Structures are given as C-alpha cells and as structure tokens.
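Visitor: I have a structure open and I am new to this. Could you show me how to read it, one feature at a time?

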Amino acid sequence: MTDRNRKGQRRPARVVREEMARERRRKRTLWTSVGAVIVLIIAGLIGWGVSASQDSGDFTPPGGANPEGTGIVLGSGPVNVDVYEDFICPICRTFEQQAGGTLDQLVAQNKVRVTYHPVAFLNRFSSTEYSTRSSAASGCAAQSGKFRDYAKALFDRQPPEGSAGLSDDQLVEVATSIGLAGDSFRNCVRKNTFEKWTEHVTDEAARAGVTGTPTVLVAGKQVQASAEAITAAVAAAGG
Amino acid sequence: MTVTERTTASTPAPGGSRWPAVRPWLGTAARLGLAAVWLTAGGSKVGDLAASGRAVNAYKIFPYDLAVVIGAALPFVELALGLILLVGLATRLAAGISAGLLVIFIAGIASAWARGLAIDCGCFGSGGDLAAGQDPTYGTEVLRDLGFLVLAGFLLRWPRTPLSVDAALGRPPEAPEEEEESDD
C-alpha cells in the first residue's frame, strides 16, 4: 500500500495504459475468435458444397433394374425380398454361399421377387474403390441379363479387404468366364457406364435405413441373413 | 513497459513449485494432441463423404438428408478445428468448440448404446453396422472421447500456451489479467 501511495503521481497514467492494453486484448480476442468461427463455418460450407456436387444426379439404370433404379430384379413371385450386398464384404460372400442357392430356388418356384441392391458401402476397404467398380460392373452384366451369374462369380473371386481388389481387366475376365462378350463388357467398364447408378443404389439404400451388408428384407421387414430365416419369413408372408 | 514489469513481478512460482513452469508446455502438448485428434478424425473421413453421411445416418437420430449434410460438413469442420488448434488461434474458443463437439459425440454413442444399436461410432472413418458376431465397443469409444475432453478442458482452463498464434499476438484470448494472477 505504501508503495502505491508513493507512486501516486504515476498511477493515473498507468491505469490509462492498462485500460488501453486491456481494450487492445479484448479486441484481439474478439477478432481472433471471429476469425476462427468464420474458418469453421467456411469449412462446413465447403463440405456441404462438395457433397452436394457429388450427388448421383442423372443415372442410367441397367436392364433388369426396378423402376426406381435401386436394384436388379429377379423373379416375379408374390413376396418381395430385398438383398443388400457389397462385393468386397466377406460376410456377404458367406451369405451368398449359405443362402444364395435358396434364394435362386425360391425365384425358380415363383415364390418371390428378389431385388438385389449391389451397394458400395465399403470403398475404404480397397485402395481402388473396388466396391463401386465391382457394383458398376455388375450393372454391365445386368445389361446382358447375367447379373446373378456375374455376382456369384465375383463372390467366388472376392479380393480380401484392404487389398487393391480386382483390376478392371480382371472384372472383364470374370465376365468372359461366365460367357459374356469381352469387348462390349470392357467398354461398359471403361466408360464407367453404371458408376452413377451404383451411387444411386448406395444412396437410396442408406436412405432406406440400410446401414450394413448383408441386409435382407422379406416383405419389407428385416430378417436374419440366413437361408432358414428367409425361407420361414417367405412362408409366413404367403409365398 | 510498466505493465509487463508488473505482470512478471506477480508471477513467481509460489512455494517453488514447478507447476507454473511446466503448465504452459503441458498446454502446448494438450493443444497439439487435440489438434492431432481432429486432423486424424477429419482426414480419415474426408476422402469418402458419402460414407461419412452413412455413418451419421447409422445413429438413426437425424433424417437421412440432414445426416448426409452433417456427414459431409463434419470432416471439414474437424480438419479446420485441428488446424486452428495446431497454430494456436483463439485457443480457448477452439477448446470450447472441441468440448462441445465431444459432448455431442459422447451423447450420440451413449444413445446408440441405450437403444441397442450395433454400430461402429464412425469416429475415425468406417462407421455403420457392425458385422455379425462383432460386438460394439461403446465403452471404449466413450472413454476415449472423455480422454479428449480432458485435453479440451485443460485448454479451456489454461488457454495460454507457448508456440501459438495467441502467444505471438501477445495475450491469450479471453484470459483477463486477474485470472492469470489467480491461476498461479
């Protein structure tokens, strides 16, 4: 206290200086905060803009697609079955081996109408967006009425998660191995003919609440992805 | 000059504790750590915005179209927040926003847990349904986010850290002198 009193004459100037310094700090804080908030808002808007520009927009569904263009239809039975698969998903492969034949049988018996949705959920599991490329290639096969055969062949040659996946040439090879014409298939794959369609299939699957693969719906209701559960649900739905 | 003298005069370590000397550098570590968290989180999602949208959608909290927008904006906001913390601009505000985001994430995970969903939180890429037979790791995810929340809390309390834009500009944001004195 005594110290302050002795310096009493200098005090007002110091108080003013301190107030000015405080005011400067306050302004600096305000402006850095405003700057940070603007940066964050702009970042968010960029994300929104980028995603809006990636909208699937105009797509051409391949032959055999349902009217909504969200999948490939097989059979015309009374009970609707929806199957969501990703060609790199290991459990989809297991599902295909375990229940694929049952589904084919139900289609052959005209009990069900199966819609296959080849979604590209797992692009992060390959270095070449194999999920998208394989799904688009399955569209090329659907164009020639061979979706199902091609899908099975793709699961047979499924690349491991984390790999580069099959190359475009290998995708064509798989097509010729099931009797598709190599040249037109190669063209279809090279031109990314059905890439937009794949995006559409994937977006609409997510919109429908599908969050993983394989997902199986019987008459619109999710059932366990197994031959037994599907057969039971189809029977219960009157198929 | 007088101001500087007075401030430094009032900050010698009480009781010879090393805390005042160590604390600012702990703050820098917390700031860089939190920056790394956001940069990793944003970087792992920014390459596939559609997947990020699906990860948000998997929580089944927002309608699909809103989930897609959130999923697309979030990675960029996380990256920006990471950069802001990295350079140390408006540290207290950035720490506050970080804490807010983390609380929202924890609430989201807890809600998925409570509703019995079996999803990956999608915190660092991936997300969506878990494969059959795979158990969710909600507990770990929440604990991890709580750990990040501690970093954010430290910076909220002591936003002044060396090697930051704030320090270069002079004083820390929103840290009035009185509080600085009470800190020590």
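**Reading the model, feature by feature**

Guide: Over all chains, the structure holds twelve salt bridges. Keep in mind that this is a predicted model.

Visitor: What can side chains of opposite charge do when their charged atoms come close?

Guide: They can pair. Start with a pair inside one helix. Glu18(A) forms a salt bridge with Arg14(A), and their closest N and O atoms are 3.7 Å apart. Both residues lie in helix 2 of chain A, residues 11-53. They are four residues apart, about one turn of the helix.

Visitor: Are Glu18(A) and Arg14(A) buried or exposed?

Guide: Look at the relative accessible area; under 20% means buried. Glu18(A) has 13%, so Glu18(A) is buried. Arg14(A) has 19%, so Arg14(A) also counts as buried.

Visitor: Which residue forms a salt bridge with Glu96(A)?

Guide: The partner is Arg148(A), with the closest N and O atoms 2.4 Å apart. This pair links distant parts of the chain. Glu96(A) sits in helix 3 of chain A, and Arg148(A) sits in helix 5 of chain A, residues 147-156. They are 52 residues apart. Both Glu96(A) and Arg148(A) are buried.

Visitor: Which residues are linked with Arg148(A) in a network of salt bridges?

Guide: Glu96(A), Asp104(A) and Lys152(A) are linked with Arg148(A) in that network.

Visitor: Next, a helix. Which residues of helix 9 of chain A are buried?

Guide: Helix 9 covers residues 227-236, and its buried residues are Ala227(A), Ile230(A), Ala233(A) and Val234(A).

Visitor: What does the face turned away from the buried side carry?

Guide: That face of helix 9 of chain A carries the exposed residues Glu228(A), Ala235(A) and Ala236(A). After helix 9 of chain A comes Gly238(A), whose phi is positive, near 90°.

Visitor: One of those strands is strand 4. Which residue is found there?

Guide: Take Thr215(A), which is found in strand 4 of chain A. Thr215(A) is buried, with a relative accessible area of 4%. A polar atom of the Thr215(A) side chain lies 2.6 Å from the backbone oxygen of Gly212(A). Leave aside neighbours within four places in sequence. Thr215(A) is then in contact with Asp82(A), Val83(A), Tyr84(A), Val210(A) and Gln222(A).

Visitor: How do I read a record annotation beside the model? Which residues does "transmembrane region" cover?

Guide: An unreviewed UniProt entry puts that annotation on residues 30-50 of chain A. Now compare the model. The span is 100% helix and 0% strand, and its end C-alpha atoms lie 30 Å apart.

Visitor: Now two chains together. How many residues does the contact take from chain B and from chain A?

Guide: The contact takes 38 residues from chain B and 35 residues from chain A. The two chains bury about 3100 Å² between them, 62% of it on carbon and sulfur atoms.

Visitor: How many salt bridges does the rule find across the interface of chain B and chain A?

Guide: One salt bridge. In a salt bridge, the side chains of Asp65(B) and Arg207(A) meet at 3.1 Å, N to O. The rule also finds six residue pairs in polar contact across the interface of chain B and chain A. On the side of chain B that touches chain A, the largest share, eleven residues, comes from helix 4 of chain B.

Visitor: One last stop, in a loop. Where does Pro136(B) lie?

Guide: Pro136(B) lies between strand 2 and helix 6 (138-157) of chain B. At 32% relative accessible area, Pro136(B) is partly exposed. Pro136(B) and Leu117(B) are 19 residues apart in sequence and 8.6 Å apart in space, C-alpha to C-alpha. Leaving aside neighbours within four places in sequence, the contacts of Pro136(B) are Leu117(B), Ala118(B), Ile119(B) and Leu130(B).

Conventions:
Residues numbered from 1 in each chain as written. Chains lettered and ligands numbered in written order. Predicted model: local features only at pLDDT ≥ 70, side-chain atom pairs only at ≥ 80, totals over all residues. Heavy atoms only, no water. Buried < 20%, exposed > 50% of the residue type's maximum accessible area, 1.4 Å probe, protein only. Helix = DSSP H or I, 4+ residues; strand = E, 2+ residues; numbered from the N terminus. UniProt positions renumbered as here; feature names shortened; annotations may be inferred. Contact = heavy atoms within 4.5 Å. Buried area = accessible area lost by both parts, 1.4 Å probe. Salt bridge = Lys/Arg side-chain N within 4 Å of Asp/Glu carboxyl O. Polar contact = N/O pair within 3.5 Å; in protein donor to acceptor, adjacent residues only side chain to side chain.
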